Amino acid sequence: MNFKEHVLMELKAEIVARNEARRLRIRRRLLAGAAVAGIAAAAAVAVPFLNGAGTPAYAVAKNADGTITLKINEFRDPAQVEKDLAALGLTADVSYVKPGSRCAPDRGETDAGPSFSKEELASKDPEVRKRINAAIDNSPNGKAFKMGGGEVRIRPQHIKPGQTAVMEFTENEDQTSGPEKPRALWQFSGYLVTGPVKPCTVIDDPSWNQMPDPKTNPEAYPPAGS
Amino acid sequence: MRRRQADIATDVEAFEVFYRRHVDAITSFLARRVDDPHTVADLVAEVFVAVLDSAHTYRPGLGSEIAWLYGVARNTLSAERRRAFKETRLTDRLGGRRPLDSDDVAELEERIDAESVARRALQAMAGLPDGDRAMLELVVIDQLTVSEAATALGIRQGAARARLHRARHTLRNVPGIAPFVLEGMR
């Protein structure tokens, strides 16, 4: 076979694989965002709590098991989060971007993550879903970041020297959502970059408004507070 | 336009059109710089993978598609040279070679032969400072316009002209090179 055709075939396969990996990442972000809807609303109520100096009482907490917990409302002040994490010995790069936008994906050397076939991604089989989630949880990025319950848990033991915890956070101004009026409430994306990290170049994110159908994906719309 | 360029990284058909439009130019670009058929074939693949990674960096207002693509190809080639240097020091790299049939090898060798004059000219330029040499390469060897070469290198047109002038001035008295650098090659 002519090598140009061979190379073209390899590249087309690469594009398909990348598209699948991206769809998976977007879907996971949406599910994670929807799952904490109720708690995110509660956290918003807590924001007017101010300490004597007139600044929000930030609490980047280090837990007994060595993990670090970040509350959703803390992402509104990226510089402070970076400072607080630095005090705990963690190099972080935090961006707060507007709904409908995100950071361009070329911010540095990062793990490609697990890849799956189209059939696996579309599957409703709980065994397949379990396998996909386990593969994500066991990937380098999945080990370093856990989401849920209105907070992000960082596990520094899975971050190597020279790596930066890159976190991108987007939040909808309107924090109400439901099957009648579906919208993403917030979106968190966390991954590790090895070596230098490029600053966030904000680009459009059309997927922000692409919501799963509540009839076919009821799991994306859990009851508030779950 | 920017939309269309971004699509080549996600739309298989858009990518195929882009690939077929430029694969010969990129193969020649590489054959002017590398004289081994297998390495040229591997680098063609690497350049187009880099295109997938950086499709969003293309800005139509700043120059032609080919200028942008040559910029990507230059970066790929210098990354490959850094890597090759590191790897030959660490291990002997044997794997990762793409199988080529005899027609492929013959076609690539023909292409490499056809570019031998260009490769000799590039060798003569080797002593120039990096920035000046890069500019001269793109204009004289790869036949880009000054503004396209500026796009490929990500520099301003004024700086590009200054580099080109300096490079031509330095090479003016090298025997056998003067016709190339003063008039262009073809």
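Keep in mind that the model is predicted.

Let's start with helix H3 of chain A, which spans residues 78-87. Its buried residues are A:Val81, A:Asp84 and A:Leu85. They end up on the same side of H3(A) because they cover an arc of only 95° around the axis.

What do the buried residues of H3(A) pack against? They sit against two strands of chain A, S2 (68-71) and S3 (92-97). After H3(A) comes A:Gly89, with a positive phi near 85°.

Now for strand S7 of chain A, residues 151-154. S2(A) and S7(A) run antiparallel and are joined by four bridges. Within S7(A), A:Ile154 is the bridge partner of A:Ile68. Here is how the two faces of S7(A) divide up:

| Face of S7(A) | Residues |
|---|---|
| Covered | A:Val152, A:Ile154 |
| Uncovered | A:Glu151, A:Arg153 |

In a regular strand, side chains alternate between the two faces of the sheet.

Chain B has 10 helices and zero strands, so its pattern along the sequence reads α-α-α-α-α-α-α-α-α-α. Of its 186 residues, 33% count as buried. Take the contacts in chain B between residues at least 6 apart in sequence: 68% of these join residues at least 24 apart.

Conventions: Residues are numbered from 1 along each chain as its sequence is written. Chains are lettered from A and ligands numbered from 1 in the order in which they are written. This is a predicted model: local features need pLDDT of at least 70, side-chain atom pairs count only at pLDDT 80 or more; totals for chains, interfaces and linings use all residues. A residue is buried if 20 or more other C-beta atoms lie within 10 Å of its own, exposed if 12 or fewer, and partly exposed in between; C-beta atoms are placed from the backbone. The arc is that of the directions from the helix axis to the C-beta atoms. Two residues are in contact if their C-beta atoms, placed from the backbone, lie within 7 Å. Two strands pair if DSSP finds at least two bridges between them.
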